[in-house]
Amino acid sequence: QTCALPICDRVVLTFQGTPTIFVGRISIKGVKNTQLSNQLSYSTRLNPGTPFTSQKLTRSTSLLQQTLQQSGYYQGSIVPHTWLDKTDAEMNVQFEVKQGKQARVGAVAVEGDSGMTAPDFRKKAKLKQNSKVNSDTVSRALTRLRKHYQSEYRLEANVSLASSQYQ
C-alpha cells in the first residue's frame, strides 16, 4: 500500500506492507556419510534466495524422510530448526537428522511360478539374508532376475516388487 502526503512544497511517500522472508542457508546435521548428506541437501528442494514459507519447510521435511527411506533408513527422524537473519531477511534452516538403523533383507516371498526354488531365487537376485538395504538393492535384484529369465528365453517374464514391509 502506498500513501502520498503533501507537506509544504514536498510530497512524502509512505510504503506499507509485509516483508518477504527468503530462504537462507540450508544445512544437514547428524549424517556422517558424505554421499547421503549431499543427497539429503539436494532433496530439500529449498533454494536460497527464493521466498520462504512454512509449507516449503513441511514439504522439505517430507522429502528428506523419503530420501532416508530410499537409502534404507526407515526408522529415521528429521527435526527442522529455523532462525531468522533480520539484516538479510533470510530464514536459515538446519535439519537435524537421526538416521536410525539401516534396513536389512529379511524374508523374500515369490508369487507365481518363478521356475526355481526360493533359495535359488534369492541367490540369483543376490538378496542375502540380513544384508543392508540401500537405494539400489531392489533395482539391482530385479535387473539380475530379468537377465536370468531372458537367458532362459523367458523374454516375457514380468518381474517386479509387489510390496515391501519394514519392522
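Q: Where is Thr 61 placed?
A: In helix α2, residues 54–70; helices are DSSP runs of H or I with at least four residues, and strands are runs of E with at least two, numbered from the N terminus. This is a predicted model, where local features need pLDDT of at least 70, side-chain atom pairs count only at pLDDT 80 or more, and totals for chains, interfaces and linings use all residues. Residues are numbered from 1 along each chain as its sequence is written, and side-chain values use heavy atoms, with hydrogens and water left out.

Q: Is Thr 61 buried or exposed?
A: Thr 61 is buried, because its relative accessible area is 18%. Buried means under 20%, exposed over 50%, and partly exposed in between (1.4 Å probe, protein chains only).

Q: What does Thr 61 touch?
A: Leaving out residues up to four places away in sequence, Thr 61 touches Ile 78, Pro 80 and Phe 95; contact means heavy atoms within 4.5 Å.

Q: Which backbone oxygen lies 3.0 Å from a polar atom of the Thr 61 side chain?
A: That of Leu 57.

Q: Switching to α3: which residues are buried there?
A: In α3 (residues 118–125), Phe 121, Arg 122 and Ala 125 are buried. They are on the same side of α3 because they cover an arc of only 100 degrees around the axis, taken from the directions from the helix axis to the C-beta atoms.

Q: And what is exposed on the other side of α3?
A: Pro 119 and Lys 123.

Q: What covers the buried residues of α3?
A: The cover includes α4 (137–151).

Q: What follows α3?
A: Lys 126, with a positive phi near 55 degrees.

Methods. A polar contact is a pair of N or O atoms within 3.5 Å; within protein, one must be able to donate a hydrogen and the other to accept it, and residues adjacent in sequence count only if both atoms are side-chain atoms.
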